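Here are my notes on the structure you asked about. Keep the sequence and the 3D view open while you read. Take the points in order.

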Amino acid sequence: MSSEPLLSVRGLNAAVEGFQVTEDIDLDVNAGEAVGLVGRNGAGKTSTFRGIMGLTPVWSGSVKFRGEELTDIRSELIPKRGIGYQPEDRKLFTGMTVDENFRLPIWTSGKARGIDDEDAVVESVYDVLTELDDRRNAKVQNLSGGQAKMVAIGRALALQPDLLILDEPLEGLAPVVVENLKRYIRAINDRDIAVLIAESNVTHVPEVVDRLYVIERGDIIASGDPAELAADEDIQKLMQGSGAE
Amino acid sequence: MAVSATAALVQTLNGIQFGFILFMIASGLTVILGILDVLNLAHGELFSLGAYTAIGVFGFIIGVIGPPGGGVVGTVVFVLAVIAAVLVTAAILLPVGTIFEAVFLRQIYDRDQVYQLVLTFALLLILLDVKKFIWGDSSIRTDAVYSAINTIPTSELVGLNYPTYNVFVILVGSAVVAGLFWFFERTKTGRIIRATAIDREMATAIGVSTDRVFTLVFALGAFLAGFAGAMAVPPTSATLEMGTNPLVLSFVVIVIGGLGSLRGAFVGALLVGVIRSWMITLYPPGEIAAPFAIMALILLVKPEGLFGTWGETA
């Protein structure tokens, strides 16, 4: 593991509609690592991720990816640098098939990512997300909620990223689907792709991630071993307030 | 009023022909609206500029090659000159659209829509003055071109006396429709544009340069409007105000079809074209009102238009 983190966020103050919503966020993800960011609804997880992806204004702070400052570059260049993003509300390209959703990132960023064989990359995505293998030509609006989440993850994975940012990939899904998705996320991480996962349910992530951050009111309030933090009574009480906001 | 079968067929064909012209204008307008979220009031002037430019290009071509002689060879040369003029005109409109988007519209995307309306209205007035400056304010008749092409017998072969130029417009219009749907359904660039229309932010998150897409879409819209102008002018004449009526009818078309829907623009354009044409025969005073009545009816029954928004249903 290199001494410099793959992703290094320092003092990130992201804003939404003119209001600051994160408070000096510090967060690191090392190459090949799986990191969790848990917090209640409205705690600032999505805004942190959107700030990293350049999708919301960053008032101050730094986001470095492989040492390069991302807050200085245009947001469409960030995926080309190697960050795949699955947004909380999936944002699939409806009216198109699963296959088209996987190919679009390759068409737009494949050259920058050094992808020569489009078909091979798409096949490698189906190799991970096996449940979608027989749904290739299905229009994405006809998929179940779990399958739609998988397509959103697969679309980000098709970039052949070094870091995959997943915003609440397990939220609102049936337990059996959650288990499948956890298996897929572990398989992705086993390919040496670093994963940064946000969840509002602290019990979901310990078995998937190596390290955990806890965010509350836009501020990181704890970090460390996932199992220890998940067992911490204060954090459990805090997380039980999930949905209250 | 009794209408013979032949007259009914001719009026329907006239409507379809006008519908294809309308589609070429409205498709650009609706795609620009669907992706850039800009209602381009200058779109009718791009159509008009296409008509004037085509006349200029055609005149230049004839000046270079000399007046076509009579007979089959002369007519073929004439038709080829018209086709070349239409294509060159559309090609000229491409950079015009590119400059409009990159120089003017790009500066105001994050502002209120009122700014867009004011800016595109200003562009409309500027284009109007540019035409007046270059071509003067008298109308330019082009019926010689129309008559020359109509000497080619086409519909007579199936027992119908129908202008060949109109058949030509229907065929070219069909090819444009097929080409546009192929572009947006099958090509990578077309699908990237659709993805941008569906979710601009997510498109950015997979690496789409929205600036490039916006420029491309506006240039494509200008190309189509210019193409439509060049195709529409021979049966009529070029006048300074010729962009107004098609612009208004294009608004009707895209409201009927669904704001931003390409398929909706196609169905809406044919519907407006045929209804308008039939009203000319059945009740001429209703020609102008009929498309608006249809629009009002559809807004009452299906406020989002026949096909909803673009991108998903391209």
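**Notes on the two chains**

1. **A helix with a buried face.** Start with helix 5 of chain B, residues 143–150, where Val145(B), Ala148(B) and Ile149(B) are buried. Look down the axis of helix 5 of chain B: its buried residues fall within an arc of 95 degrees, so they line one face of the helix. What covers them? Among the elements over these buried residues are helix 3 (71–104) and helix 6 (164–186) of chain B. Bear in mind throughout that this is a predicted model.

2. **Where the chains meet.** In the contact between the chains, 20 residues of chain A touch 18 residues of chain B. On the chain A side, the elements that give two or more residues are helix 2 (77–81) and helix 3 (98–109) of chain A. Helix 3 of chain A gives the largest share, 6 residues. By type, the chain A side divides into 10 nonpolar, 5 polar and 5 charged residues.

3. **The sheet of chain A.** Now find the open sheet of 6 strands in chain A. Its order is 7-8-9-4-10-11, and the pairing is mixed. Which strands stand at the edges? They are strand 7 (83–86) and strand 11 (219–224) of chain A. Each has a single partner strand, so one side of each is left without a neighbour in the sheet. From one strand to the next, the twist averages 15 degrees.

4. **Pairing inside the sheet.** Trace the strands one pair at a time. Strand 7 of chain A runs parallel to strand 8 of chain A, and 4 bridges join them. Here Tyr85(A) stands opposite Ile165(A) of strand 8. Strand 8 of chain A is also parallel to strand 9 of chain A, with 5 bridges between them. In that pair, Leu163(A) has Ala194(A) of strand 9 as its bridge partner. Strand 9 (residues 194–199) of chain A is joined by 5 bridges to strand 4 (residues 34–38) of chain A, and these two run parallel. There, Gly36(A) has Ile197(A) of strand 9 as its bridge partner.

5. **Buried strands.** How many of the 5 residues of strand 8 (residues 163–167) of chain A are buried? The count is 5 of the 5, so strand 8 is largely enclosed by the rest of the structure. In a regular strand, side chains alternate between the two faces of the sheet. On strand 8 of chain A, Leu163(A), Ile165(A) and Asp167(A) point one way, while Leu164(A) and Leu166(A) point the other way. Note that Asp167(A) is among the buried residues. Strand 7 of chain A also has both faces covered. Ile83(A) and Tyr85(A) are buried on one side, and Gly84(A) and Gln86(A) are buried on the other.

6. **Two positive phi values.** Most residues other than glycine have a negative phi. Asp24(A) has a phi near 45 degrees, a positive value. Asp24(A) sits in the loop between strand 2 (19–20) and strand 3 (25–29) of chain A. With 14 C-beta neighbours inside 10 Å, Asp24(A) counts as partly exposed. Asp192(A) has a phi near 70 degrees, also a positive value. Its loop lies between helix 6 (175–190) and strand 9 of chain A. Is Asp192(A) buried or exposed? Asp192(A) has 10 C-beta neighbours inside 10 Å, so it counts as exposed.

7. **The record for chain B.** An unreviewed UniProt entry places the feature "transmembrane region" at several stretches of chain B, including residues 117–135 and 165–184. Compare these two with the model. Residues 117–135 of chain B are 100% helix and 0% strand, and the end C-alpha atoms are 27 Å apart. Residues 165–184 of chain B are 100% helix and 0% strand, with the end C-alpha atoms 28 Å apart.

8. **One residue in helix 4.** Finish with Ala122(B), found in helix 4 (residues 113–135) of chain B. Ala122(B) has 13 other C-beta atoms within 10 Å, so it is partly exposed. Where does Ala42(B) lie relative to Ala122(B)? The two are 80 residues apart in sequence and 8.0 Å apart in space, C-alpha to C-alpha.

Terms used: Residues are numbered from 1 along each chain as its sequence is written. Chains are lettered from A and ligands numbered from 1 in the order in which they are written. A residue is buried if 20 or more other C-beta atoms lie within 10 Å of its own, exposed if 12 or fewer, and partly exposed in between; C-beta atoms are placed from the backbone. The arc is that of the directions from the helix axis to the C-beta atoms. Two residues are in contact if their C-beta atoms, placed from the backbone, lie within 7 Å. Ala, Val, Leu, Ile, Met, Phe, Trp, Tyr, Cys and Pro count as nonpolar, Asp, Glu, Lys and Arg as charged, and the others, Gly among them, as polar. Two strands pair if DSSP finds at least two bridges between them. Axes are lines fitted to C-alpha atoms, for helices over the stretch in contact, and angles run from 0 to 180 degrees between N-to-C directions. UniProt positions are given in the numbering used here, feature names are shortened, and annotations may be inferred rather than shown by experiment.
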